Amino acid sequence: MTLKARQLMTPTNKNRVLIVDALNMYFRSYIVDPSLSTNGQPIGGVKGFLKILQKLLRETRPDQVVIAWDGPGGSRKRKTINKNYKEGRKPLRLNRDIKHLTENEELENKLWQQARLFEYLNEMPVSQVMLPEVEADDVIAYVTQMESLKGWQKVVVSSDKDFFQLCDEETILFRPVQKEVLNQARISEKFGIHPTNMALARAMAGDKSDNLPGVPGAGLKSIAKRFPFLAEEKTCDLKTLFDYCESLDSNLKIFTGVLENKEVIEENYKIMQLYSPNISIQGKNKICYAIEEAEQQFNKTEVMKMMNEDGFGVFNWTDLFATMKRIVADNA
């Protein structure tokens, strides 16, 4: 992490909540870490996740930790809007040459490791959240908006660009893969687009990773140049964008492209925007309970037992255990 990034996460007089995009972090660990358990099965997804979590805890010193998982079935609402949403994604490729398992065995192991990680985190003072047919993006967005966390610094951990739009006076984004920390000012400086208008800009640009085409030839750089008002804190809506393009006496491809792709932009915006998370009232209540009411406990003995069973108990987990003890004590 750079010095500038560290400065953004230096201790403040605010409480701090660490909000982890769990599947994003788990997949990264699963792909990169080749560790094997005592029975010879891959365990790198679990071990790698806990190692990254320990590093995050050491660097951010949070008062509370939220682990947000994608719910079973993905986002039903987004798939209703666009049936091709996230279709055609390439399968995960392990970052190593030697493969111990068949394709089916690899899938079973990946799911087993994720379930095993649930077991570890259930013994720690963290709030795990998973809602059926709701993506972690929406859970994370809602957590940043919770009234009970108003005044807290929120540190969202993910490499996902969708979270650019959440950066505000209290919310920052830590992108471990890119080794950067982004706040509201840094987003505006880097992209020439204010976070409050980032979802609209990305709706024009599209997102190949989610199988969402945008306006042909429109990238964030050209969008920022041709639509300078997106740099302003004032929120720009779809109508304002379309009216602006129609008012111009210009044949520039980006302006005609926006008008020719109104439906695409509208659809993309509905899918990409996190300002109003796609979560039911019941789902929001479950999130609030998990974060505000659930008892914070740390069963160190059970965690160490599982680590020894899985073959990585000898790793130095001092910072992880110390932080978990502190969180329990602070919430007593």
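Residues are numbered from 1 along each chain as its sequence is written, and because the model is predicted, local features need pLDDT of at least 70 and side-chain atom pairs count only at pLDDT 80 or more, while totals for chains, interfaces and linings use all residues. Side-chain values use heavy atoms, with hydrogens and water left out.

**The sheet**

Begin by selecting the 6 strands that form an open sheet of mixed pairing, in the order β3-β2-β1-β4-β5-β6. Strands here are DSSP runs of E with at least two residues, helices are runs of H or I with at least four, and both are numbered from the N terminus; two strands pair if DSSP finds at least two bridges between them. The edge strands, each pairing on one side only, are β3 (127-129) and β6 (180-182). Averaged over the sheet, and with direction ignored, neighbouring strands are turned by 20° against each other.

Next, select β2 (residues 64-68), which pairs with β3 in the parallel sense over 3 bridges; the bridge partner of I67 in β3 is Q128.

**V66 in β2**

Stay in strand β2 and pick V66, which at 0% relative accessibility counts as buried (buried means under 20% relative accessible area, exposed over 50%, and partly exposed in between, with a 1.4 Å probe and protein chains only). Which residues surround V66 once its neighbours within four places in sequence are left aside? V66 is in contact with V17, L18, I19, V20, S127, V129, V143 and I291, where contact means heavy atoms within 4.5 Å. D21 lies 45 residues from V66 in sequence, and their C-alpha atoms are 8.9 Å apart in space.

Axes are lines fitted to C-alpha atoms, for helices over the stretch in contact, and angles run from 0 to 180 degrees between N-to-C directions. Helix α6 (residues 136-145) also packs on the sheet, where α6 touches β1, β2, β3, β4 and β5, and its direction makes about 170° with that of β1.

Select helix α5 (residues 103-122) together with α3: their axes come within 8 Å and cross at roughly 40°. That makes α3 oblique to α5, since angles under 35 degrees count as roughly parallel, over 145 as roughly antiparallel, 65 to 115 as roughly perpendicular and the rest as oblique. To see the contact, show G44, G45, V46, F49, L50 and L53 in α3, which meet Q113, R116, L117, Y120 and L121 in α5.

Helix α14 (residues 300-310) is the next selection, with its axis coming within 10 Å of that of α5 and crossing at roughly 155°, which makes α5 roughly antiparallel to α14. W112, R116, E119 and Y120 of α5 make this contact with V303, M306, M307, E309 and D310 of α14.

**Two loop residues**

Finish at two loops. Most residues other than glycine have a negative phi. R61, in the loop between α3 and β2, is not a glycine and yet has a positive phi of about 45°; at 52% relative accessibility, R61 counts as exposed. K179, in the loop between β5 and β6, has a positive phi near 55°, and at 55% relative accessibility K179 counts as exposed.
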